[in-house]
Amino acid sequence: MADDLFKALADSTRRIILDELTERSGQTLFEICSRLSVKHRLGISRQGVSQHLAVLEAAGLVETRREGRYKFHDLNTAPLRQIAERWPVPDASPPEESTP
């Protein structure tokens, strides 16, 4: 699972897709493609975006749901929390001084 997650996060286009889903979850492929084209000036095909979404879905970062003929993509941050829990940050408070 961790390998898929890091592979998914390694690509800048996939990180931009995650940023867009953070801003507005529940987008269709068409909406994501439009936002990448207009907002980020990325010249990427629908098929290319679909492949990126498949990698994100395999890593658990994106979940899909169908409503009628539409497929919606939702952000799932649970895998990111698993990373944070795997390598916890040590307590940053200063050590207590011992008195002689």
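1. Exposed here means over 50% relative accessible area, and buried means under 20%. The structure is a predicted model. The points below take its helices first, then single residues.

2. Start with α4. This helix covers residues 46–58, which makes 13 residues. From first C-alpha to last, α4 reaches 18 Å, close to the 18 Å expected at 1.5 Å a residue. Its buried residues are Gly48, Val49, His52, Leu53 and Leu56. They span an arc of only 140 degrees around the axis, so they sit on the same side of α4. Gln47 and Ala58 are exposed, on the face turned away from that buried side.

3. The spacing has a plain background. An α-helix has 3.6 residues a turn, so residues three or four places apart point the same way.

4. What does the buried side of α4 pack against? Its partners are the helices α1 (2–10), α2 (12–23) and α3 (29–40), plus the strands β1 (62–67) and β2 (70–75). Just after α4 comes glycine 60, with a positive phi of about 85 degrees.

5. α3 can be read in the same manner. It has twelve residues and reaches 16 Å between its first and last C-alpha, close to the 16 Å expected at 1.5 Å a residue. Leu29, Ile32, Cys33, Arg35 and Leu36 are buried in α3. Their arc around the axis is only 165 degrees, which puts them on the same side of α3. Note that Arg35 is one of these buried residues. The face turned away carries Phe30 and Val38, both exposed. Cover for the buried residues of α3 includes α2, α4 and β2.

6. Next, helix pairs. Two packed helices are described by the angle between their axes and the distance between the axes. For α2 and α3, the angle is about 105 degrees and the axes are 11 Å apart. The two helices are therefore roughly perpendicular to each other, since 65 to 115 degrees counts as such. On the α2 side, the contact uses Ile16, Ile17, Glu20, Leu21 and Glu23. On the α3 side, it uses Ile32, Arg35, Leu36, Lys39 and His40. By class, this contact has five nonpolar, one polar and four charged residues.

7. α1 and α2 form another crossing. Their axes come within 5 Å and cross at roughly 90 degrees. α1 and α2 are therefore roughly perpendicular to each other. Lys7, Ala8, Leu9 and Ala10 of α1 make the contact with Ser12, Arg14, Arg15 and Leu18 of α2. These residues divide into four nonpolar, one polar and three charged.

8. Isoleucine 17 belongs to helix α2. Its relative accessibility is 0%, so isoleucine 17 counts as buried. Which residues does isoleucine 17 touch, not counting residues up to four places away in sequence? They are Ile32, Leu36, Val49, His52, Leu53 and Leu56. Ile32 and Leu36 are buried residues of α3, while Val49, His52, Leu53 and Leu56 are buried residues of α4. Isoleucine 17 and leucine 36 lie 19 residues apart in sequence, and their C-alpha atoms are 7.7 Å apart.

9. Threonine 13 is also placed in α2. At 15% relative accessibility, threonine 13 counts as buried, because the cut-off is under 20%. Leaving out residues up to four places away in sequence, threonine 13 touches Leu42, Ile44 and His52.

10. Last, a strand residue. Lysine 71 lies in β2. With a relative accessible area of 33%, lysine 71 is partly exposed. Beyond its neighbours within four places in sequence, lysine 71 is in contact with Gln27, Thr28, Leu29, Thr64, Arg65 and Arg66. Leu29 is one of the buried residues of α3. The C-alpha atoms of lysine 71 and leucine 29 are 7.5 Å apart, across 42 residues of sequence.

Definitions and conventions: Residues numbered from 1 in each chain as written. Predicted model: local features only at pLDDT ≥ 70, side-chain atom pairs only at ≥ 80, totals over all residues. Heavy atoms only, no water. Helix = DSSP H or I, 4+ residues; strand = E, 2+ residues; numbered from the N terminus. Expected span 1.5 Å × (residues − 1). Buried < 20%, exposed > 50% of the residue type's maximum accessible area, 1.4 Å probe, protein only. Arc of directions from axis to C-beta. Contact = heavy atoms within 4.5 Å. Axes fitted to C-alpha atoms, helices over the stretch in contact; angles between N-to-C directions. Parallel < 35°, antiparallel > 145°, perpendicular 65-115°, else oblique. Nonpolar A, V, L, I, M, F, W, Y, C, P; charged D, E, K, R; others polar.
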